[in-house]
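Let's walk through this structure together, one step at a time. Please keep the sequence and the 3D view open as you read.

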There are 2 protein chains.
Amino acid sequence: MHVLQGLLQDELPIINDRLARETRELPELVRAVAEHVLMAGGKRLRPLLAILFFRCVSRGTGERVLSASSSLLSSSGESDIYPLACSMEFLHSATLLHDDILDGSDLRRGRTTAHLVYGKTETILAGDVLLALANRLVAEYGDARLSWRVAEAIMRTVSGEIQELEWIKCPTLSQEHYLEIITGKTAYLIQAACHCGALAAGGDEQAAQAALDYGINLGVAFQLTDDALDYSAKAEVAGKPVGNDLREGKLTLPLICYLEILPEAERRETLAWVRALGAAADPGALSAQDTARHGRVVQAVRDAGCVEETRSRAARYIVLAEKALTSLPECPERVALQEALQHTLHREK
Amino acid sequence: MHVLQGLLQDELPIINDRLARETRELPELVRAVAEHVLMAGGKRLRPLLAILFFRCVSRGTGERVLSASSSLLSSSGESDIYPLACSMEFLHSATLLHDDILDGSDLRRGRTTAHLVYGKTETILAGDVLLALANRLVAEYGDARLSWRVAEAIMRTVSGEIQELEWIKCPTLSQEHYLEIITGKTAYLIQAACHCGALAAGGDEQAAQAALDYGINLGVAFQLTDDALDYSAKAEVAGKPVGNDLREGKLTLPLICYLEILPEAERRETLAWVRALGAAADPGALSAQDTARHGRVVQAVRDAGCVEETRSRAARYIVLAEKALTSLPECPERVALQEALQHTLHREK
């Protein structure tokens with residue numbers, strides 16, 4: 001992991017500084033909301049991926065970098081990947097802000113969610129401003145393919161959220177449907193970050209395809225690992241709350257795998273209970289009886305090996321993402337992109 | 001008005017058909033919400049302006065039209081202004097959906113607002129999807145200047161809404177601040193429609209500037225007329241509810257003009273009352289006493305000639321918009337753009 005670690009040490013302060021600078025320019029009413037979600041931490045995965053693909057693909061394109069990423073709107077001709085990288089974090093933050101309102105979530109990155117601190121009105125508007133800011137930053141590169149990819153990714157991300165909301169109302173045991181939802185709500189934006197980095201570097205079709213393939217597979221693996229972690233005993237030992245998805249009636253892969261191995265009658269009864277949790281007026285607020293059952297089911301999912309099963313499913317997507325990198329120039333950034341895959345798969349938080 | 005009328009008869013069915021077609025492709029959960037706001041009518045002012053500028057400027061550029069507006073993403077090379085025109089209506093609808101949630105509005109275009117029919121969650125998501133759809137349609141023209149203009153307009157529109165919300169909390173009698181707010185929340189998107197039409201036609205800098213100048217001035221005049229109509233006796237006779245802005249504590253130009261001519265003590269007392277209306281827990285729901293006073297103030301604003309004063313202010317912006325047209329080729333579309341100005345100024349609904 002040492003190449004990725006070194007790059008992170010160099011890049012994270014710059015990314016955070018640029019994010020802070022752009023955020024300070026926002027209208028006062030939404031600035032605090034935007035800072036609340038942006039400055040609470042976060043892995044900066046999306047900006048980092050854009051930067052790594054930009055740098056890696058640039059090594060294969062040489063001179064073309066400057067002309068492809070220079071702005072049509074400014075005459076500076078200077079190449080700067082950070083606004084594009086930051087725009088990926090702004091898009092992500094915008095979806096988090098709106099998503100937390102929809103979910104009625106109380107916590108995000110360990111902090112009280114923005115809409116509870118600043119109000120729904122301010123949070124809706126802050127999300128809209130961040131979306132528009134991201135679109136503007138992207139448009140300033142003068143390459144409409146970047147704008148198209150970002151718009152498409154946002155459409156698919158929101159569509160994924162919509163599918164998830166519908167699914168919670170009436171969840172089934174379809175793994176295929178589950179994968180479609182997580183691809184939508186998580187993977188497309190991660191894919192867009194990779195693809196935009198490659199495009200801004202003036203990458204050819206092969207490089208662009210590598211970015212698309214890496215991004216979508218990493219995105220799915222990332223969400224699968226997230227869903228596995230939500231049941232993980234290690235996370236619980238580390239003091240992280242677990243079983244949140246089940247508490248809200250969200251049917252993720254570990255639970256689907258567990259339900260599949262149950263006898264028919266027990267499966268049906270347990271699924272009905274999960275549905276009832278999702279349909280509750282105040283999802284996540286469990287009765288004492290439900291809390292006890294919740295603990296038993298989480299433990300049963302672990303005991304049945306369904307957390308490992310989910311991680312091993314993630315590992316298959318990691319392999320596909322890794323394969324996608326082979327067509328890119330060998331360089332430290334490619335090594336970092338490989339390390340990022342292993343980090344995603346093995347992370348414990 | 002007969003040139004504009006004729007063009008409307010030709011264009012409106014096509015615009016509405018295209019809007020309906022794009023809307024049908026949306027994810028199911030948000031389709032109904034989008035149709036609710038889109039199919040409730042509306043003047044289609046923004047799509048129409050994009051089309052008129054596109055056609056008018058095209059007459060001055062001839063062959064260039066095809067290359068400038070052909071998509072980088074498709075290989076068809078076909079020039080079609082309708083997706084761009086429709087995207088302006090989608091952007092407008094998205095801001096209406098989110099705006100009605102913020103305002104807690106009950107009615108829009110004579111129908112119950114979407115969030116009351118379909119829920120806030122669905123309405124927030126539908127707004128996000130429409131924003132992304134508009135951005136994607138615009139990006140498909142392969143001209144990043146279009147994407148930039150649209151992103152900038154959305155940022156300014158949302159900023160205008162934010163300023164308005166802040167102003168309602170503590171309104172002052174600053175006409176300058178009022179004009180800044182209405183420019184933000186209304187004029188920039190209208191300006192973007194005109195500018196994008198001119199850019200898509202391959203217009204030169206002079207044509208683009210004409211579109212920018214026409215759009216911003218028409219936009220301000222449009223909102224001033226709207227604010228005048230909210231106090232208009234004629235509108236009341238025609239059965240339209242009047243005095244909505246005052247009911248919600250919104251300080252618009254007719255009321256500002258009226259307050260300015262009141263004696264100091266009465267002005268201060270009336271302004272305090274308006275502030276109290278805006279700060280009410282359920283804005284718009286007036287007590288019997290406030291309802292009576294509301295009626296008296298609306299009548300007093302009329303009697304003091306402040307509705308006409310607001311319209312005459314609008315007329316000044318209309319003159320500026322008309323001047324902007326002089327550099328464009330003489331053609332039926334330019335006549336229609338002139339007629340649209342007169343229509344805006346003299347409309348009674």
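Predicted model: local features only at pLDDT ≥ 70, side-chain atom pairs only at ≥ 80, totals over all residues.

Two residues count as being in contact here if their C-beta atoms, placed from the backbone, lie within 7 Å. In numbers, 37 residues from chain B and 37 residues from chain A take part in the contact. On the side of chain B that touches chain A, the elements giving two or more residues are α2 (28-38), α5 (82-103), α7 (120-139) and α8 (144-169) of chain B. Which of these gives the most? That is α8(B), with 14 residues. Sorted by class, the side of chain B that touches chain A consists of 23 nonpolar, six polar and eight charged residues.

How are the copies arranged relative to each other? Chain B is superposed on chain A by a rotation of 180° with 0.1 Å of shift along its axis, and the RMSD is 0.0 Å. The two copies are thus related as by a two-fold rotation axis.

Now let's turn to a single chain. Chain A is built with 17 helices and two strands. Its radius of gyration is 21 Å, close to the 20 Å that the globule rule gives for 349 residues, so chain A is as compact as a globular protein of that length. Along the principal axes, the C-alpha atoms of chain A fill a box of roughly 65 × 45 × 30 Å. Of its 349 residues, 51% count as buried. Among the contacts in chain A with a separation of 6 or more, 78% are between residues 24 or more positions apart.

Even so, α1(B) has a kink of about 35° at E11(B), shortly before the proline P13(B). Which residues of α1(B) are buried? They are L4(B), L7(B), I15(B), L19(B), E22(B) and T23(B).

R44(A) has a positive phi of about 55°, although it is not a glycine. You will find R44(A) in the loop between α2 (28-38) and α3 (45-61) of chain A. Is R44(A) buried or exposed? It has 21 other C-beta atoms within 10 Å, and a residue is buried if that number is 20 or more, so R44(A) is buried. In chain B, R44(B) likewise has a positive phi of about 55° without being a glycine, and it sits in the loop between α2 and α3 (45-61) of chain B. R44(B) counts as buried too, with 21 C-beta neighbours inside 10 Å.

Our last stop is E180(A), which lies in helix α9 (residues 175-200) of chain A. E180(A) is partly exposed, with 15 other C-beta atoms within 10 Å. Between the C-alpha atoms of E180(A) and G42(A), which are 138 residues apart along the chain, the separation is 25 Å.

How values were computed: Residues numbered from 1 in each chain as written. Chains lettered and ligands numbered in written order. Helix = DSSP H or I, 4+ residues; strand = E, 2+ residues; numbered from the N terminus. Nonpolar A, V, L, I, M, F, W, Y, C, P; charged D, E, K, R; others polar. Rg over C-alpha atoms; globule rule 2.2 N^0.38 Å. Buried ≥ 20, exposed ≤ 12 C-beta atoms within 10 Å, placed from the backbone. Bend = angle between axes of the 7 residues up to and from the residue. Least-squares fit on C-alpha atoms with pLDDT ≥ 70 in both.
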